[in-house]
Amino acid sequence: MELRARVSAAMKDAMKAKEADKLSTLRLINAAIKDRDIEARADGRDEGVGDDAVLAILGKMVKQRQESAKIYEEGGRLELAEKEREEIKIIEEFLPRQLSEDEAASAIDAAMAEVGASSIRDMGKVMGVLKAKYTGQMDFGKVGPMVKEKLG
């Protein structure tokens with residue numbers, strides 16, 4: 001089932017089960033997807049965004065909440081940090097399994113071989129291949145330095 005349909009089904013289930021917190025998070029996800037759809041229509045793509053863009057949206061939402069939780073913890077607002085972590089769990093239900101470090105390293109090696117990367121100048125090509133194949137499965141903030149290390 002496509003991600004958009006899974007989010008809608010989960011929203012209906014949360015409504016029926018009267019899970020207010022989960023419903024609130026799912027509505028945020030739905031709103032973010034609809035915002036991207038509107039942008040896509042403005043660019044002439046009437047069908048909206050695909051699953052790859054939805055995965056990117058979800059990944060961005062998780063990252064935002066991780067940063068917020070960290071800030072709340074530093075400020076002593078533990079209840080707000082916990083709320084952010086609960087939202088992360090709900091969002092992650094729709095993301096594919098994250099690759100381990102070893103899996104990420106082998107994916108980097110494969111991408112480097114695919115584009116014939118030999119120097120740091122090829123980093124953009126390698127990252128492009130990784131983003132095309134592993135969106136939502138890798139934290140590209142951590143993968144970037146790994147690629148740089150292998151190419152440097």
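The briefing below takes the pockets in turn, from space to lining.

The structure is a predicted model. Its largest pocket has a volume of about 650 Å³, while the second largest pocket holds about 190 Å³ of space. Helix H3, which spans 51-74, gives the most to the lining of the largest pocket and also the most to that of the second largest pocket.

**Largest pocket**

- The lining is made up of 25 residues, and those closest to the centre of the pocket are Gln98, Gln137, Met138, Asp139 and Phe140.
- At least two lining residues come from each of helix H3 (51-74), helix H5 (101-115) and helix H7 (140-151), with H3 contributing seven residues.
- Sorted by class, the lining of this largest pocket comprises eleven nonpolar residues, together with seven polar and seven charged ones.

**Second largest pocket**

- The residues that line the second largest pocket are Ala32, Arg36, Ala56, Ile57, Lys60, Met61 and Gln64.
- Helix H2 (20-42) and H3 each supply at least two residues of this lining, and the contribution of H3 amounts to five residues.
- In terms of class, the lining of the second largest pocket divides into four nonpolar residues, one polar residue and two charged residues.

Key:
Residues numbered from 1 in each chain as written. Predicted model: local features only at pLDDT ≥ 70, side-chain atom pairs only at ≥ 80, totals over all residues. Heavy atoms only, no water. 1 Å grid on protein atoms, 1.4 Å probe; cavity = no way out; pocket = protein on both sides within 12 Å on 5 of 7 lines; lining within 4 Å. Points joined across faces, edges and corners; volume = space filled by probe spheres on them. Helix = DSSP H or I, 4+ residues; strand = E, 2+ residues; numbered from the N terminus. Nonpolar A, V, L, I, M, F, W, Y, C, P; charged D, E, K, R; others polar.
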